[in-house]
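Thanks for coming, everyone. I would like to walk you through one model this morning, so please have the display open while I talk.

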Amino acid sequence: MTQSPASVAPIRTGLIGFGTSGRVFHSPLLAANPEFSLDLIVTRDPVRREQAGERHPGARLMSTAEDLFAAADDLDLVVIGSPSGTHVELAHAALDAGLAVVVDKPFSVTARDGRGLIEKAVSLGLPLTVFQNRRWDGDFLTLRGLVAAGALGDVRRFESRFEWWKPEQTKSWKVGATIQQGGGVLFDLGAHLIDQALQLFGPVDDVYAETLIRRPGGAADDDTFVALHHGSGVRSHLWMNGIAAQVGPRFHVLGSEAGYTKWGLDGQETALGAGARPTDPGFGVDPESAWGVLGRDGALTRVPTERGNYAAFYTGLADAILRGAPIPVDPRDSLRTITLIERINLLTH
């Protein structure tokens, strides 16, 4: 995964999907980086097609991934932002076309499929990476720095949550997506929460989980809890819930010397969805009122949140493709997450 299909900028890029993934995350981040050009966008939906044309007038609009792969000679990179169950098939097609690949999370539905993609990328010498953008959340960067500096002492318990109140699912493909198709919050939000826990505290030797369907007629879990025991001794408790009438803290971390508690979600997704650009002044900056607290009860100190930086993913990818640097997210990391998700689904279904 070191050989590059491009040697000079801009890296000619095709984007498959213009839903939340393509519209909110990938296309603004690509447009903000001069080392990429967004040349092709695939979307069938007429409303999204119109949005894509307005926001990226220089891009050719196509209706199918097959159309994009027929034009592979005009590309260096494909970004896959389509529904979860299509990721593996499209990534194989992109690699077969000789293109570098970004796969949105979840990387795959099964560990076997993910392993197959990695093996193919290695055999072809093509870059393959996974968009684990939550590694660049400001609160996670802050916590990672605190843990690395020993500010909490020995971390004993890590609590992490993605929770909100959305009693009706608004994304059509998610309404009917089963776990066999990569549906449910464990594949969606769990792919981030588990990845963050593994990044902080290392491999897992035991797991417990509860995967529940709360919405009437739901096809996959929408209220899930995961407990991990890391070989390092840390216990991670992870909540993901799309129908939480009251939400808990984003992070609550307890160590032998101090704790760290942070409320509220990183604001980059909301800002991008409202039309902000990663280059805007103040993008990714957490207001002081939202800073977390460090210490022990009775002696708490507010800790400035590091600036969130989703754009760092594509900066790192450009470095990898053009200058031979390591890819920003090793797909083997995402494979470990998928292996755990697959294990949890076997335990709970």
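Predicted model: local features only at pLDDT ≥ 70, side-chain atom pairs only at ≥ 80, totals over all residues.

Glutamate 159 and arginine 161 join their side chains in a salt bridge, with N and O 3.5 Å apart, and both glutamate 159 and arginine 161 are buried.

By the rule applied here, the count of salt bridges comes to 20, and I will pick out a few of them. Aspartate 137 forms a salt bridge with arginine 134, where the closest N and O atoms are 3.2 Å apart. Aspartate 137 counts as buried because its relative accessibility is 0%, and arginine 134, with a relative accessible area of 8%, is buried as well.

Arginine 250 and aspartate 139 also meet through their side chains in a salt bridge, at 4.0 Å from N to O. Arginine 250 sits in the loop between β10 (235-241) and β11 (251-255), whereas aspartate 139 belongs to helix α6 (residues 138-149), so this pair ties together parts that lie 111 residues apart in sequence. Here, too, arginine 250 and aspartate 139 are both buried. Beyond these pairs, there is a network of salt bridges that links Arg135, Asp195, Asp333 and Arg336.

Let me turn to the sheet. In what order do the six strands of the open sheet run? The order is β3-β2-β1-β4-β5-β6, and the pairing is parallel. The edges are taken by β3 (60-62) and β6, each of which has a single partner strand, so one side of each is left without a neighbour in the sheet. On average, and with direction ignored, neighbouring strands of this sheet are turned by 25 degrees against each other. Within it, β1 and β4 pair in the parallel sense over four bridges, and glycine 14 has valine 78, in β4, as its bridge partner.

That brings me to helix α11, which comprises residues 311-323.

Terms used: Residues numbered from 1 in each chain as written. Heavy atoms only, no water. Helix = DSSP H or I, 4+ residues; strand = E, 2+ residues; numbered from the N terminus. Expected span 1.5 Å × (residues − 1). Pairing = 2+ DSSP bridges. Axes fitted to C-alpha atoms, helices over the stretch in contact; angles between N-to-C directions. Buried < 20%, exposed > 50% of the residue type's maximum accessible area, 1.4 Å probe, protein only.
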